[in-house]
Amino acid sequence: MASANQLHLLQQNLQKVLLQKQQLEEQLQEYDATLQGLEKTETAYKILGKIMVLSNKEQLLKELQEKKDMVEVRYRHYAKQEEKLQQNMATAQKEMLGKK
């Protein structure tokens, strides 16, 4: 049987997952914008510490795409966690309502 405490913990976990997922979504949007901007330019620069240095455009595109791919994997992981938590919450709510 689900308790109010278990339901509360599920809600907290869901909030954390949603926050992480939102942050990753923002990162993905930044990567998309950066990749689109980089595609349109002839020269590419990379920031190293406090300086900006000329960089190989193709290599930079490859690096950014790899980073974006890693973020997408993490995003999908959090989306799966969100779905599972929502299912668990629905089950817990049904159990609590059935208990009353």
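Trainee: Is Glu82 buried or exposed?

Mentor: This is a predicted model. In it, Glu82 has a relative accessible area of 13%. Buried means under 20%, so Glu82 counts as buried.

Trainee: Where does Glu82 lie, and which residues does Glu82 touch?

Mentor: Glu82 lies in helix α2. Leaving aside residues up to four places away in sequence, Glu82 touches Leu14, Val17, Leu18 and Lys21.

Trainee: How should I read a nonpolar core?

Mentor: Start with the general idea. In soluble globular proteins, nonpolar side chains tend to be buried together. Now the case here. The largest nonpolar core has 19 residues. Leu38 and Leu64 have the most contacts inside that core. Helices α1 (4-40) and α2 (57-99) each supply at least two of the core's residues.

Trainee: Which residues does Leu38 touch?

Mentor: Beyond four places in sequence, Leu38 touches Ala44, Lys57, Leu60, Leu61 and Leu64.

Trainee: In which sense do β1 and β2 pair?

Mentor: Strand β1 (residues 44-48) and strand β2 (residues 51-55) pair in the antiparallel sense, over five bridges. Ala44 stands opposite Ser55 in β2. The hairpin has two residues between the strands. Gly49 takes a positive phi there, near 65 degrees.

Trainee: Which residues make the nonpolar surface patch?

Mentor: Tyr45, Ile47, Met52 and Leu54 make a patch of about 490 Å². Strands β1 and β2 each give two or more residues to this patch.

Trainee: Why does Met52 count as exposed?

Mentor: Exposed means over 50% relative accessible area. Met52, found in strand β2, is at 57%, so Met52 counts as exposed.

Terms used. Residues numbered from 1 in each chain as written. Predicted model: local features only at pLDDT ≥ 70, side-chain atom pairs only at ≥ 80, totals over all residues. Heavy atoms only, no water. Pairing = 2+ DSSP bridges. Helix = DSSP H or I, 4+ residues; strand = E, 2+ residues; numbered from the N terminus. Core = buried A, V, L, I, M, F, W, Y, C linked by side-chain atoms within 4.5 Å. Buried < 20%, exposed > 50% of the residue type's maximum accessible area, 1.4 Å probe, protein only. Contact = heavy atoms within 4.5 Å. Patch = residues over 30% accessible without salt bridge, like charges linked within 9 Å, V, L, I, M, F, W, Y side chains within 5 Å. Areas by Shrake-Rupley, 256 points an atom, 1.4 Å probe, with all protein chains shown as cover. Salt bridge = Lys/Arg side-chain N within 4 Å of Asp/Glu carboxyl O.
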